[in-house]
Amino acid sequence: MATTLQLYHVSEIPSFFHELYIHRGYRHPRSSVRSCLRSCFYLHNETVNFWTHFIPAVFYLFVLVTDCYQYNLLLDAYGLPMLAYLISMTLFPTASALAHLFNTISEKARHMCFFLDYFALSIFGIGTAIAYHAYSFPVALISTWWQHLYLLVAVVNALLSFVLSCRTRFLDHGLRKKMFRILSFAVPYLFDVLPVCYRAIHGDVVDFSLGGMHYHVRQSVFAFLSALIYSSHLPERLSPGRFDIIGQSHQLFHVVSVMGTHDLMTGMRMDMLQRRQLMDAHQPSYSILLMVAVVGFNLVILYYFWMQLDGVILKSTSSEDLTKLNNLCNGAGLTNGKSGHHLIDRQLTNDVSRRSKLRPHVE
Ligand SMILES: [Zn+2]
């Protein structure tokens, strides 16, 4: 495995590791765990992506611990949905930061890193739905079939979201891949926020006077902005290569989405504290178990996609990619066998060279 601090141009890197409109600052595609850890402390095209989610992850962990003590979340049944929400809120930036840090270990590791990132987002989706259900439902819909069905649909959404987002990693780069990736996150989000949309549009005076409605509204603006930034690839689309290290859309997407999550957390906490009299009698005892069930099902889905990886990588690796990988590994003093690492699979090399037409695979 490479431990070099050298950075590479997109033309030197196998297509597997390419990012749209990002030209410079790539790390070695066979980085060791140690060199990935060291890469936190120097600038490359993922450094800011790492820190913009790692710092919020540490902050959310702090919030999780302090809220547990301050609001007695562990011992009060009414606080358990908040606990589930705060755990899911801490998990998603943690998984994302780790994915951005370790995705250059290998092609397979890159897929697994982002599978785990989507896993955490799916858990965040159900965590958010559990908290909305417990604290934010509009007065008119409490104890209706809407509230009874809400969590069940949210579970299905969380699972489908994980399947679809993982599946998009196997698609060729293009509009279809982008569309499905955005849909996989947008559909569960749009469903989850329905209770607060209802409060904003049809809610009575109680819906507005109690809780954190203005935080919920501002959160939805941040969510819309983050989807726009993520899908547009602005500003690097306008000037490819200029925003490689600082200012690229993914970094802005991280910052805006964290601002939205912070508003969501604040609004949720205010709902929990101020709407207790309304909501306390309508807490189902099974809501936390639903999150555990989603974790279980997601592990099965993760295993399924993990089993597909070798075949997908084989199909999508071109002979040009293998040449680049060979050059990089030889340049870093790495060879098959000698180092004890299986850097470039010989079977893969033979198989790829037998195929004449290969579709390039771009992340
Ligand atoms: Zn990210």
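The protein has 14 helices and zero strands in this predicted model. Of the 363 residues in the protein, 42% are buried. Among contacts between residues at least 6 apart in sequence, 75% join residues at least 24 apart.

The UniProt record, an unreviewed entry, carries the annotation "transmembrane region" for residues 48–66, 78–102, 114–135, 147–167, 179–201, 213–231 and 288–306. Two of these stretches can be followed in the model. Over residues 48–66 the chain is 100% helix and 0% strand, with end C-alpha atoms 27 Å apart. Residues 213–231 are likewise 100% helix and 0% strand, and the C-alpha atoms at their ends are 27 Å apart.

I123 shows how parts of the chain meet: leaving aside neighbours within four places in sequence, I123 is in contact with S88, L91, M291, V294 and V295.

Two of these helices can be taken in turn. In α12 there are 30 residues, and the helix reaches 41 Å from its first C-alpha to its last, close to the 44 Å expected at 1.5 Å a residue. There is a bend of about 40° in α12 at L309. Buried residues in α12 are L290, M291, V294, N298, I301 and I313. The buried residues of α12 pack against α3, α4 and α5.

For α5, the 24 residues should span 34 Å at 1.5 Å a residue, and the end C-alpha atoms are 34 Å apart, which agrees. At L151, α5 bends by about 25°. Its buried residues are Y150, A154, N157, A158, L159, S161, F162, S165 and C166, and the buried residues of α5 pack against α4, α6 and α12.

A further annotation in the unreviewed UniProt entry is "binding site", which covers H100, H250 and H254. These residues span 155 residues in sequence, yet no two of their C-alpha atoms are more than 11.6 Å apart, so they gather at one spot. H100 is found in helix α3, and H100 is buried because 27 other C-beta atoms lie within 10 Å, where 20 or more are needed. Not counting residues up to four places away in sequence, H100 touches E46, N49 and F50. H254 lies in helix α10 and counts as buried, with 24 C-beta neighbours inside 10 Å. With residues up to four places away in sequence again left out, H254 touches N49, T52 and H53.

R30 is placed in the segment before α1 (33–38). Is R30 buried or exposed? R30 is buried, because 21 other C-beta atoms lie within 10 Å. The C-alpha atoms of R30 and A109 are separated by 9.9 Å, although the two residues are 79 residues apart along the chain.

Note on methods:
Residues numbered from 1 in each chain as written. Predicted model: local features only at pLDDT ≥ 70, side-chain atom pairs only at ≥ 80, totals over all residues. Contact = placed C-beta atoms within 7 Å. UniProt positions renumbered as here; feature names shortened; annotations may be inferred. Helix = DSSP H or I, 4+ residues; strand = E, 2+ residues; numbered from the N terminus. Expected span 1.5 Å × (residues − 1). Bend = angle between axes of the 7 residues up to and from the residue. Buried ≥ 20, exposed ≤ 12 C-beta atoms within 10 Å, placed from the backbone.
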